[in-house]
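This briefing is for a reader who has not seen this structure before.

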Amino acid sequence: MAGAIDEQRERYDEAARAARDGTASADPAALVEVRGLAVAAGNLIVQSGLTFDIRHGEVLVVMGPSGCGKSTLLRHLVGLERPVAGQVLLAGHDLHHGDADELAALRRRFGVMFQAGALWSSMSLGENVMFPMRLFTRLPAAERRRRARFKLALVGLDGGFDLMPAQLSGGMRKRAGLARALALDPELLYLDEPGSGLDPLNAARLDELILNLRHHLGTAVVLVTHENASIFAVADRALFLDPLAHTMTALGPPRDLLADGPAEVRAFLQRGVAA
Ligand SMILES: Nc1ncnc2c1ncn2[C@@H]1O[C@H](COP(=O)(O)OP(=O)(O)OP(=O)(O)O)[C@@H](O)[C@H]1O
Ligand SMILES: [Mg+2]
């Protein structure tokens, strides 16, 4: 397995070289290409040597023990923080270099729900979902309302337009956060621990919702989680960030990794399973 990853890295490094030389034919399956990325939190380099693709329409899980750097990686993938080294390319465009207009146009292409992602408590659900539309589009108010109602219906909150966040259960709040991340019809969604704090039933419902989005809208989803139930339910592929090696040590379908991944990845995926 480690061999397979090394092979993959070599292929990607070759592709990155070819891209720099202008001889590349980019992988048509790749929506985002992460190349030799090193990310820091404060003064600490938490992960480096990260090279992987996010493919059109896939669900890619980013997994690993608490503190391994999942949220840190996510902040870099969305362009909020500058990498120590390496690149994040969205449809071939570097997410960390370019003029402000170019970067804004790139960032509009994905939706994000952060780990601590709260709704704006002084706004109704409808206003929360319409807010990105007001910021980034010139849609007339009636159209913003129509679209916000549609997004809320997608996450099972039909009729919730005028509710205030304080009136909602935890699960409803998470779903409303998802509706807001969907506001601009992104082709890619980044979700950091969307199921945390939910009971298993509501967490499973959220997984189902993510799969539905992918199925009906073709949205690619990068899901940060350490919940095994979610990983096996939704991931096409899972990326393991090792907290000791400070790099990725596995990338593949979770069942393959469970069967013949590196020992620490198998152990991670077996948590909670009776021996
Ligand atoms: N602003 C910061 N300054 C210094 N260290 C930080 C900062 N933010 C995070 N860290 C450290 O960086 C490491 C990675 O943190 P991160 O939040 O990315 O982990 P995580 O994998 O998302 O964890 P969890 O599963 O608990 O959400 C941790 O050791 C954390 O303590
Ligand atoms: Mg985190």
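L241 stands opposite M248 in β10. The strand pair β9 (residues 237-242) and β10 is antiparallel and is joined by 5 bridges. The model described here is predicted.

**The sheet and its helix**

- The strands β6-β7-β8-β3-β9-β10, in that order, form an open sheet of 6 strands with mixed pairing.
- β6 (110-113) and β10 (247-252) are the edge strands; each has a single partner strand, so one side of each lacks a neighbour in the sheet.
- On average, and with direction ignored, neighbouring strands of this sheet are turned by 15° against each other.
- Helix α7 (residues 200-217) packs on the sheet, where it touches β3 (59-63) and β8 (220-224).
- The direction of α7 makes about 160° with that of β8.
- In general, the strands of a sheet pair through backbone hydrogen bonds, in either a parallel or an antiparallel way.

**The nonpolar core**

- The largest nonpolar core has 68 residues.
- Those that touch the most other members are V61, V62, Y190, V221, L223, L239 and F240.
- Apart from neighbours within four places in sequence, L223 is in contact with V59, V61, L191, I210 and V234.
- Nonpolar side chains tend to be buried together in soluble globular proteins.

**Helix α4**

- L125, G126, N128, V129 and M130 are buried in helix α4 (residues 125-136).
- The cover over the buried residues of α4 includes α5 (141-154) and α6 (170-181).

**Around ligand 1**

- There are 14 residues around ligand 1, and A41, G42, S66, S71 and T72 come nearest.
- β2 (44-55) and α2 (70-77) each supply at least two residues of this shell.
- The largest share, 3 residues, comes from α2.
- By type, the shell around ligand 1 divides into 9 polar, 4 nonpolar and 1 charged.

**Two residues with positive phi**

- Most residues other than glycine have a negative phi.
- D185, in the loop between α6 and β7 (188-192), has a positive phi near 50°.
- D185 counts as exposed because it has 12 C-beta neighbours inside 10 Å, and the limit for exposed is 12 or fewer.
- E193 lies in the loop between β7 and α7, and its phi is also positive, near 50°.
- E193 counts as buried because it has 22 C-beta neighbours inside 10 Å, where 20 or more are required.

Conventions
Residues are numbered from 1 along each chain as its sequence is written. Chains are lettered from A and ligands numbered from 1 in the order in which they are written. This is a predicted model: local features need pLDDT of at least 70, side-chain atom pairs count only at pLDDT 80 or more; totals for chains, interfaces and linings use all residues. A residue is near a molecule or strand if its C-beta atom, placed from the backbone, lies within 6 Å of it. Helices (H or I, at least four residues) and strands (E, at least two) are DSSP runs, numbered from the N terminus. Ala, Val, Leu, Ile, Met, Phe, Trp, Tyr, Cys and Pro count as nonpolar, Asp, Glu, Lys and Arg as charged, and the others, Gly among them, as polar. Two residues are in contact if their C-beta atoms, placed from the backbone, lie within 7 Å. A nonpolar core is a set of buried Ala, Val, Leu, Ile, Met, Phe, Trp, Tyr and Cys residues joined through C-beta atoms within 7 Å. Two strands pair if DSSP finds at least two bridges between them. Axes are lines fitted to C-alpha atoms, for helices over the stretch in contact, and angles run from 0 to 180 degrees between N-to-C directions.
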